Amino acid sequence: MEVVMRKILYLIKSIAGISFFFVFMFAAAGTLRFPRGWLLFGISMIGLALNFIVIMRNDDLMNERSSSGRNAKPWDKKILGAYALLTLISYITAGLDAGRFHWSPDYGLMTMIPGIALILTGSTLFMLARMANNFFSSVARIQKERNHCVCSSGIYRVVRHPGYLGMILSLAGFPLVTGSAFSFIPVLPAMSLLVLRTILEDRMLHDELDGYAGYSRKTRYRLIPFIW
């Protein structure tokens, strides 16, 4: 019963976390009649549902993802704080732009369909990373209490940080789905923060996780296959 309650609370917390940003988006739009906003909300809920199905089957992973971020690296806390702020600004900008003032031209399906494809692809990569990695945490840390070891299976055979790749692709789709070109202004630095986090986390794993150096020689690319 206790395990079931933890899963329910985790789901409620996840839905509330996503909804928080949409409250600001629709408030900035000044109306609930913002179809692209609702489209993005629906896509976000689909991604949440898929990832929750994965995480609910792994109690250890769920506990790690819902933890308070103990022993997180100081630099990671700063990055996560800046990333959350940029995410909030992105939603507000999209609401003001595409929902209220219509500063950006509306290209309709020309941008909407590629945007949906990017977000769904990103969510799928994130889900696959969670499925493969039993140590998939919300913060950068070495989980010594869980005998942290290298994950080299599944999608981790292709790139070393597939979760971040998924997040970057989803961010790229955000302005296209919302129809707000101006939201690229906060989205691009948010993507840069994920690249920076990849670099710093990769360095941390090299220095502190046994076997990671050997794994990185086999899986050469951090984010983009055959490029970087």
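Me: How many of the 17 residues of α6 are buried?
Reply: Happy to look at that one, keeping in mind that this is a predicted model. Buried here means under 20% relative accessible area. By that cut-off α6 is mostly covered, and the number of its 17 residues that are buried is 14.

Me: Are α4 and α6 roughly parallel or roughly antiparallel to each other?
Reply: Good one to check by angle. The axes of α4 (residues 74-101) and α6 (residues 162-178) come within 10 Å and cross at roughly 20°. Angles under 35 degrees count as roughly parallel. The two helices, α4 and α6, are therefore roughly parallel.

Me: Which residues of α6 make the contact with α4, and how many residues of the contact are charged?
Reply: On the α4 side, the contact uses Y83, S90, Y91, A94 and A98. From α6 come M167, L171, F174 and T178. Sorted by type, the contact has 7 nonpolar residues and 2 polar ones, while the charged count is none.

Me: Is F126 buried or exposed?
Reply: F126 sits in helix α5 (residues 109-132). Its relative accessibility is 14%, and the cut-off for buried is under 20%. F126 therefore counts as buried.

Note on methods. Residues numbered from 1 in each chain as written. Predicted model: local features only at pLDDT ≥ 70, side-chain atom pairs only at ≥ 80, totals over all residues. Heavy atoms only, no water. Axes fitted to C-alpha atoms, helices over the stretch in contact; angles between N-to-C directions. Helix = DSSP H or I, 4+ residues; strand = E, 2+ residues; numbered from the N terminus. Parallel < 35°, antiparallel > 145°, perpendicular 65-115°, else oblique. Contact = heavy atoms within 4.5 Å. Nonpolar A, V, L, I, M, F, W, Y, C, P; charged D, E, K, R; others polar. Buried < 20%, exposed > 50% of the residue type's maximum accessible area, 1.4 Å probe, protein only.
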